[in-house]
Each structure stands twice: as C-alpha cells, then as structure tokens.
Amino acid sequence: MKKIRVDFSKKMVKLGTIVFVLLMLGSVVSGWLGYVKLHAAVGTIKYVGQLEMTRDKEAEDFDDNATVFEVVYRRKDSKMIVNYSKEEYENLAKDTIQAYQYQSKDGTNLFFAEKNPSLEKVQATYREKMAEKTMAIFNLCSSLTILAVSVLIMIVFGHMFSTYEKSWFLSIMVLATIFAVAFPEKSANGVNGIIIMWLYLMDTFLNILCELLISKQNKYNFMISVAVELVEIAINLVLMYRFASMVVTLLFWIPIDIISFINWSKHEDSEEKDLTIVRRLTGWQEVLVLTGIVVFTVVVGYFISGLDIRTDFVNRSMATWIAYLDACATAVGIANGLFILFRFREQWVAWYISAILEASMNIMLGQYVLLVLKLGYLTNTTYGYIKWTKYIKSHKEEKLTIF
C-alpha cells in the first residue's frame, strides 16, 4: 500500500511539472504576442469619412488643478479622446464634434479631431487602440504566470496539503485566470488596466494561500499575509478608494501579522508542531465585538463619505455607499485580526461577513475577478471552521490561554 502511494505521488509530481512547463510556455507566448501587437507600426492609413460624435460628460470628473483635460466623444462603439487646455475646456460650447475617421491596414478604425493628422499622432492613437485590443492577451500572460507559480507551490510543498486543499487552491486560480481574460479591467487614474488586473490576480493568489494556511492552523500564514497587505495598499493607492481599509492595513494589519506570528509560535500543539492551539469566544465577548463594529461603521463611514476625493473609478453617489460598506468591512476585519491573534475560532464567522461585504463592493465596482477570491473565502471559511471546531472539541479548552 505504501509503495502504491509513493508511486502515485511521483506520478502527480511528474504531471504537475508538465502542467507547470506548459503554463509558463503559454505565458511567454502570450506575452510575446501581446508585445508584438502593442508595438506594431500602424503603416499606411486610408481616409473613410466624417461622422458626428457626442461628448461623454459622465466620464468627466477632473481635478481643480488639472492642466490637461481629456474629453471623450462617442458614437455607438466608436470613441475619440481630445485633449484640451483649461481655457479651451471651459469654453467648450457644443456637446458634439465632427470626427475624421481613418482605417489602418488591419482594419482598425482611428478617429481624429482634425483632418490629415500627423504621423506621430496617428501612431500614438493606433497604439492606444492596440493597448485595448491586447489587454486580454496580457491578462492571459499574467494569469498563466501566477497559475504556474500556484502549481509549482503545490508541487514543492505538496506534502503539506491534502488532495482537497490542492484541488481547492488550484480551482480558485483557474477561475481567476478565466475571469481575468473574460472581464478585462479598464485603466483608472492614469494606470493601465493590465497593471490593475495583475494586482487583482496577485491579491487573489496571496489571499487564498494565506487563507489555506490559516485553516491548517499554520503560523506561516502571517508571512504571506504581510505580502497581501502590501498588494492591497497598492490597489487602494492606484484606484484612490477605500481609504479606511488602507489606513487600517498600515496601522493595524501589518503590526498584527507580526505580533500574531510571535503569539502563534508560543502555542504550538504538543503532538503536531505544524499546528497551533486554537480556542473559542464566550457570549459576552461576542456582544462587545458586535457593539464595537456598529460604532466604528457609523463614525468612520460618516467621516470618509464627507471627504472630497476624486477618482476615475467610482462616481460620487456610489462613493458614499462604498464608504459605509468599507467602514463596516474594516471594522469586521479589525475584529477578525484580533480573533486570529488570540486564536479564536470566531475569526471564521468574521471571514463570512467580510467576504459578503467585500463581494457587494466588488459587484458595485465591476471588479468581477475579485469575486473569485470571495468564492474562495466562503468555501475555505467553511472548511476552516469545521477543522478548528474538530480540533477544539478534541482538546480541553480550559488548558488553553490567550497569551
């Protein structure tokens, strides 16, 4: 029987290695194809004709200190961006413009505010179009790379994980790959959508790995968690939103990860060194936590919603809703951080609430790839809760201490 298991394990490692190589090959090929398309010369273009486009005022939300104003004009699926100075922008009298349409050899439609544009402007506009067309290719490159790393981790550290855990981890990453290609992210605040999607994928990868290690009562989850915090701070800065979460990440989560690692290291299971001793809350402790969450949500949500923060990613009316949801998710997150620090099973309940709140915000903001992460949260939370509950029942709680 032991020999059969060893042979099966070797076959799985061999299969995993082949999959890893194929994924890396796919990543290199898709990255190269995207690069070639993005930097291709426009070549000769032909004049097609004129058409009237209408100004998209909903896309305009400029900072008071802006010197260049990018105004978007549209007609059905066609789009043209015109840069105006502050004086020109303030004196715009019409909401329509006559656009001059040209077409490249590969059939790409290019629109300009003037006839006979310069070659430099034609190439710049063509490259913008190619950036939109190649976004799915670059997203595929990023997601295949991260998926390959996921497979590699399961190969190298395969002895640490059960078949279910490996399947769950890789399934979430495969779903993230599909969503990254199917729902490419738009550019925001001057940052390319490809970079934003890469941050989303890294956030998903690191979070589910961290969650998996928590469910296994493994103290090394906190090392991965620090990387999670850094990626999420980068996302908040890029998108200029969720400032409550960002501040709490800086002042609470990073320090709590370090302290938690130290505390968990002091409470290793006497029989299994890879496990940390865990416990559960009492009734009055739960009441105090819930009261703190409500107060934090109302106070911080009111404060954040009153800030005049401009971003391309969310309109003002939605920003108010996001502010309160973010405050509530942040409060639950703080409670969760303390539960994890003190090794309380109720941290899994906090994960349930946090995942639902986060998913609501992701849907409102169109961050569909991050819904895969929330699916991972919900499924692993159930798994972790069951594992911790079994552990607690099999050990005498009165011998467990917080510190």
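Contact here means heavy atoms within 4.5 Å.

**Figure 1. Overview of the predicted model.** The structure is a predicted model. Among contacts between residues at least 6 apart in sequence, 70% join residues at least 24 apart. The secondary structure comes to 12 helices and five strands. Of the 403 residues in the protein, 47% are buried.

**Figure 2. Segments with a transmembrane annotation.** An unreviewed UniProt entry places the feature "transmembrane region" at residues 12-33, 136-156, 168-184, 190-210, 247-266, 287-309, 321-342 and 349-370. Two of these segments are described here. Over residues 168-184 the model is 88% helix and 0% strand, with 24 Å between the end C-alpha atoms. For residues 349-370 the chain is 86% helix and 0% strand, and its end C-alpha atoms lie 20 Å apart.

**Figure 3. Packing of helix H5 against helix H6.** Helix H5 covers residues 163-182 and helix H6 covers residues 193-215; their axes are 11 Å apart and the packing angle is about 165°. Angles over 145 degrees count as roughly antiparallel, and H5 and H6 are therefore roughly antiparallel to each other. Their crossing is right-handed. On the H5 side the contact is made by Glu165, Trp168, Phe169, Ile172, Met173, Ala176 and Ala180. H6 contributes Met197, Leu201, Thr204, Phe205, Ile208, Leu209 and Leu212. By class, the residues of this contact of H5 with H6 are 12 nonpolar, one polar and one charged.

**Figure 4. Packing of helix H4 against helix H6.** Helix H4 (residues 135-156) and H6 have axes that come within 9 Å and cross at roughly 20°. Angles under 35 degrees count as roughly parallel, so H4 and H6 are roughly parallel to each other. The crossing of H4 and H6 is right-handed. From H4, the contact is made by Met135, Phe138, Asn139, Ser142, Ser143, Ile146, Val149, Ser150 and Ile153. From H6, the residues are Gly193, Ile194, Met197, Trp198, Leu201, Met202, Phe205 and Leu209. This contact of H4 with H6 divides into 12 nonpolar, five polar and no charged residues.

**Figure 5. Thr276 and its contacts.** Thr276 lies in the loop between helix H8 (243-265) and helix H9 (283-305). Its relative accessible area is 2%, and Thr276 is buried. Leaving aside neighbours within four places in sequence, Thr276 is in contact with Gln217, Lys219, Trp264, His267, Asp269, Arg343 and Tyr391. Gln217 and Arg343, both among these partners, are the subject of the next view.

**Figure 6. Two loop residues with positive phi.** Gln217 sits in the loop between H6 and H7. The phi of Gln217 is positive, about 55°, although Gln217 is not a glycine. Gln217 is buried, with a relative accessible area of 3%. Arg343 belongs to the loop between helix H10 (316-341) and helix H11 (347-365). For Arg343, phi is near 65°, a positive value in a residue other than glycine. Arg343 counts as buried, at 0% relative accessibility.

Figure 7. Val238 is found in helix H7 (residues 221-239). Buried means under 20% relative accessible area; Val238, at 18%, is therefore buried. Val238 and Ile195 are 43 residues apart in sequence, and their C-alpha atoms are 9.6 Å apart in space.

Conventions
Residues numbered from 1 in each chain as written. Predicted model: local features only at pLDDT ≥ 70, side-chain atom pairs only at ≥ 80, totals over all residues. Heavy atoms only, no water. UniProt positions renumbered as here; feature names shortened; annotations may be inferred. Helix = DSSP H or I, 4+ residues; strand = E, 2+ residues; numbered from the N terminus. Axes fitted to C-alpha atoms, helices over the stretch in contact; angles between N-to-C directions. Parallel < 35°, antiparallel > 145°, perpendicular 65-115°, else oblique. Left-handed = near helix turned anticlockwise from the far one by under 90°. Nonpolar A, V, L, I, M, F, W, Y, C, P; charged D, E, K, R; others polar. Buried < 20%, exposed > 50% of the residue type's maximum accessible area, 1.4 Å probe, protein only.
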